[in-house]
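Here are my notes on the model you sent over. Have it open next to you while you read, and click through to each residue as it comes up.

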Amino acid sequence: MGSVPLRSESAPPGVDYLAPTVVKSVKLLVAGNFGVGKTTFVGSVSEIKPLRTEETITEASVGVDDLAGLGSKTTTTVAMDFGRITLNPQLALYLFGTPGQQRFVPLWEELALGALGALVLVDTRRIEQSDEVLAVLEQRGVPYSVAVNEFEGAKRYPLEEIRDALDLAEGTPLTALDARDRRTCVQSLITLVEYLFHSRQESRI
């Protein structure tokens, strides 16, 4: 896939033009349950200022949104996060981070229109909550890869154990990342894009 330039070299500093070399763009979802790190992920990789639709968590969330294990989390995405990354000089990815709560499933369906696939973030401390997200994507025929967001202080598990726990289909890519670390996030995106492109090529044979 080549290197990952932050912006077009021909663009003036601070101007977020798409590089003139880009000939293909892809829409991807960044999905996962509530509090798994989607907003942080999009902010880490986006070469433009990310669009965020966050609101402060209020008492109305008590009993509705599961805050267990989320520490000092004070905001939640209520529509989407949006960012862009030029993965190589010819390819740009448009990233749409989905809200994590079940009540936003109708919005997920709208965001999924035209999406080539999804990167699903997983928190091993609440891994059972990932089942619902994976089921939504599978029911709607959205191909995906999975990335474990390794939160600081959380226990590390071998990826094969996580694969078994999630009951992932054979061939579904599984990676690990730190949503604050651009390098590991970009690598997970590369893994997803390669998987999607190879799957499309195989389907045409």
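1. Where is serine 130 found? Serine 130 sits in helix H3, residues 130-139. Helices here are DSSP runs of H or I with at least four residues, strands are E runs of at least two, and both are numbered from the N terminus. Serine 130 has a relative accessible area of 1%, so it is buried. For that word, the cut-offs are under 20% relative accessible area for buried, over 50% for exposed, and partly exposed in between, using a 1.4 Å probe and protein chains only. Not counting residues up to four places away in sequence, serine 130 touches Asn33, Val122 and Leu166; contact means heavy atoms within 4.5 Å.

2. A word on what you're looking at. This is a predicted model, where local features need pLDDT of at least 70 and side-chain atom pairs count only at pLDDT 80 or more, while totals for chains, interfaces and linings use all residues. Residues are numbered from 1 along each chain as its sequence is written, and side-chain values use heavy atoms, with hydrogens and water left out.

3. Now the overall layout. The chain has 5 helices and 7 strands, and from the N terminus on they run β-α-β-β-β-α-β-α-β-α-β-α. Of the 205 residues in the chain, 48% are buried. Look at the contacts between residues at least 6 apart in sequence: 73% of them join residues at least 24 apart.

4. Next, strand pairing, where two strands pair if DSSP finds at least two bridges between them. S1 and S4 run parallel and are joined by 7 bridges, with serine 25 opposite alanine 92 in S4. S1 and S5 also run parallel, joined by 5 bridges, and here glycine 32 stands opposite leucine 121 in S5. Why is S4 largely enclosed by the rest of the structure? Because 6 of the 7 residues of S4 are buried.

5. Alanine 31 counts as buried, at 4% relative accessibility. Leaving aside neighbours within four places in sequence, alanine 31 is in contact with Lys38, Thr98, Leu119, Val120, Leu121 and Val133. Try the distance tool too: alanine 31 and tyrosine 144 are 113 residues apart in sequence, and 9.4 Å apart in space, C-alpha to C-alpha.

6. On to the nonpolar cores. In soluble globular proteins, nonpolar side chains tend to be buried together. A core here is a set of buried Ala, Val, Leu, Ile, Met, Phe, Trp, Tyr and Cys residues joined through side-chain atoms within 4.5 Å. The largest has 25 residues, and Leu28, Phe41, Leu93, Leu95 and Leu189 have the most contacts inside it. Strand S1 (24-32), helix H1 (38-45), strand S3 (75-88), strand S4 (91-97), strand S5 (117-122) and helix H5 (182-203) each supply at least two residues of this core. H5 gives the largest share, 7 residues. A second, separate core of 24 residues includes Ile48, Leu111, Ile127 and Val142.

7. Setting aside neighbours within four places in sequence, leucine 93 is in contact with Val26, Leu28, Gly83, Arg84, Ile85, Leu87, Leu189 and Val193.

8. Two loop residues to check. Glutamine 90 lies in the loop between S3 and S4 and is partly exposed, with a relative accessible area of 42%. Not counting residues up to four places away in sequence, glutamine 90 touches Thr21, Val22, Val23 and Lys24. The C-alpha atoms of glutamine 90 and alanine 19 are separated by 8.4 Å, though these residues are 71 apart along the chain. The other is aspartate 167, in the loop between helix H4 (159-166) and strand S7 (174-177). Aspartate 167 is exposed, with a relative accessible area of 67%. Most residues other than glycine have a negative phi. Aspartate 167 has a positive phi of about 55° although it is not a glycine.
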